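The points are grouped by topic.

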Amino acid sequence: MSKIVTRIAPSPTGKFHIGGLRTALYNYFFARQNEGVFIVRSEDTDKERSKKEFEENMLEALAWLGLEHDAFYRQSDRTDIYIEHINKLILSGHAYEAEESSGDEGGKVIRFKNPNIDVTFHDLILGDITFNTEELGDFVIARNMNSPLYHLTVVIDDGLSEVSHVIRGQDHISNTARQILILEALGFTRPLYAHIPLILSEGGGKMSKRDPSVYPVTEYREMGILPDALINFMAMIGWNPGDEREIFTKEELVQAFSLDKVQKKGSVYNIQKLFWINKEHLKKLSDGELDIYFKKFLPQEISEELYLKIRTLLVERVSYGKEIVDMYQAGEFSYYIENPKITDLSKIIWKQSTLEDAKKHLSHVLELCNKAEDSDFETEESVKNLVWDYAEEVGKGDVLWPLRYTLTGQDKSPNPFFVASVIGKEKTIQRIQSVLESL
RNA sequence: GGCCCUAUCGUCUAACGGUUAGGACAUCAGGUUUUCAUCCUGGAAAUCGGAGUUCGAUUCUCCGUAGGGUCACCA
């Protein structure tokens, strides 16, 4: 089998988004799996819309995800090559200069001499597809000698780079026929085509850059989505491994990927599943990796010491890093940092019990705490041992609910053993006393 | 509108023509040492419609219908 060469060819006219990423992924997987070459090409022939910052954004996104490429070039650096090929086409009678009618200044454009034939190509995903190229007419392939257009540059670059597989979005499917026409005129070998289904936005249509649910790839990084999680998620849209595995690393995907398991139909991407996948990947991180990850999202108010105590809790509760910030702003961690303000004492009452019951149980727990050692507050488990027998005896909810509410002042929180172990003996006693005094 | 492509739970998907149509996310119910979360168990939830072919169609064919893509001196 000859060398596998794939490429992605984004135009830097906007931030690199997830549609482009999915295409990149399939090209990357396929190249790596076959020990081939993966090329990144910046299609910046549209000088008006192309911006350096977008090219950088794409490269940054690919680097973040660990999708290393074997070659990079941009079309604006290759004008000489294109001129050479335009001349070749004109000389061979496949293209000609034409006075322009629709233009502003009536300049000359280069048109391709359309042979008006049926073009059939085999798509690795869709099967055989035939187009009648007649309606294309003699289409324009360059604004002038120095300004080639997309269809021309694609063919020349793919040809010169010896791209073996053109894996791209289905929005390019109707472009294929005219590109084949140019390609044959230039004498390049026809690559194999694989048009992958589009990713649809929630509404059902093609994702547009204005869609609020579609973020640039770099934005997922800011949210705290892990590179492998995003890769995992995007890979699974429109492709499946053929078994029921769901969680993959990038390397596993390189092994598992196969073009014939790629779906034919477009699919809607649903961000909930991304969060779930991210959480699954988070669970696989070591403590050291977790520290680096969480550190980026921790509010200053959460000290190093506190962080270490609640690390396991974060893994349990957080799907993606940015959530920590949201949780913090909603007051989720406040009770670890400062004493809660108990404004509504009636909330301390558990179900059918009374305020008197709560008072009695809290007093008893206070007693237990007073008798306890500092070491009894070291872990969730040790605090539990301290009060568990009593709670079992008189009713768990009757003891635990008032205790939890006393320690946190919130309707929802982790269990009181955990909270007590985080804040320690002194503060636990303090909070119980404070509530008892106001009862 | 022309051309091209597609069609299984809400979403992502599985099912060499023969399965009680499977899994995951989401959702609902119950449980796991009080609430929330985690975890476990269970439930509800789909083959777009109509003709064929066949002993038998989710699966093959055709026709509808619906959705998407594309029709630039953008890529």
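## Briefing on chain A

Ile117 is located in the loop that joins β5 (108–112) to β6 (118–123). The model is a predicted one. Chain A is divided into domain 1 (5–200), domain 2 (217–258 + 269–335) and domain 3 (340–438).

- Ile117 counts as partly exposed, because 13 C-beta neighbours lie inside 10 Å.
- Ile117 and Glu134 are 17 residues apart in sequence, while their C-alpha atoms are 6.5 Å apart in space.
- Asn116 is also found in the loop between β5 and β6.
- The phi of Asn116 is near 55 degrees, a positive value in a residue other than glycine.
- Most residues other than glycine have a negative phi.
- Asn116 has 13 C-beta neighbours inside 10 Å and therefore counts as partly exposed.

**A further positive phi: Glu35**

- Glu35 lies in the loop between α1 and β2 (37–42).
- The phi of Glu35 is near 50 degrees, which is positive in a residue other than glycine.
- Glu35 is exposed, because 8 other C-beta atoms lie within 10 Å and the limit for this class is 12 or fewer.

- Helix α5 spans residues 176–186, and its buried residues include Arg178, Gln179, Ile180 and Leu181.
- Ile182, Leu183 and Ala185 of α5 are buried as well.
- Among the elements that cover the buried residues of α5 are the helices α3 (79–91) and α4 (150–160).
- The cover of these α5 residues also includes the strands β5, β6 and β8 (140–144).

**Contact between domain 1 and domain 2**

- The centres of domain 1 and domain 2, taken over C-alpha atoms, are separated by 36 Å.
- Domain 1 contributes 20 residues to the contact, and domain 2 contributes 16 residues.
- On the side of domain 1 that touches domain 2, α1 (18–33) and α2 (52–65) each supply at least two residues.
- The most is given to this side of domain 1 by α1, with eight residues.
- The residues on this side of domain 1 comprise twelve nonpolar, four polar and four charged.

**Helices α14 and α15**

- The axes of helix α14 (residues 355–371) and helix α15 (residues 380–394) come within 10 Å and cross at roughly 155 degrees.
- The two helices are therefore roughly antiparallel to each other, since angles over 145 degrees fall in that class.
- The crossing of α14 and α15 is right-handed.
- His361, His364, Val365 and Leu368 of α14 are in contact with Leu386, Val387, Tyr390 and Val394 of α15.
- The contact of α14 with α15 consists of six nonpolar, two polar and no charged residues.

**Helices α15 and α16**

- The axes of α15 and helix α16 (residues 396–408) come within 6 Å, with a crossing angle of roughly 130 degrees.
- This angle is the reason why α15 and α16 are described as oblique to each other.
- The contact involves Val387, Tyr390, Ala391, Glu392 and Val394 of α15, together with Lys396, Asp398, Val399 and Leu400 of α16.
- By class, the contact of α15 with α16 holds six nonpolar, no polar and three charged residues.

**Helices α14 and α16**

- The axes of α14 and α16 come within 9 Å and cross at roughly 80 degrees.
- Consequently, α14 and α16 are roughly perpendicular to each other, because the range for that class is 65 to 115 degrees.
- Asp357, Ala358, His361, Leu362 and Val365 of α14 meet Asp398, Val399, Pro402, Leu403 and Thr406 of α16.
- The contact of α14 with α16 divides into six nonpolar, two polar and two charged residues.

- Thr354 is found in the loop between α13 (334–337) and α14.
- Thr354 counts as exposed, because 11 C-beta neighbours lie inside 10 Å.
- Thr354 and Asp398 are 44 residues apart in sequence but 9.3 Å apart in space, C-alpha to C-alpha.
- Asp398 belongs to α16, where it is one of the residues in the contact with α15.

Technical notes
Residues numbered from 1 in each chain as written. Chains lettered and ligands numbered in written order. Predicted model: local features only at pLDDT ≥ 70, side-chain atom pairs only at ≥ 80, totals over all residues. Domains from an automatic or database assignment. Contact = placed C-beta atoms within 7 Å. Helix = DSSP H or I, 4+ residues; strand = E, 2+ residues; numbered from the N terminus. Nonpolar A, V, L, I, M, F, W, Y, C, P; charged D, E, K, R; others polar. Axes fitted to C-alpha atoms, helices over the stretch in contact; angles between N-to-C directions. Parallel < 35°, antiparallel > 145°, perpendicular 65-115°, else oblique. Left-handed = near helix turned anticlockwise from the far one by under 90°. Buried ≥ 20, exposed ≤ 12 C-beta atoms within 10 Å, placed from the backbone.
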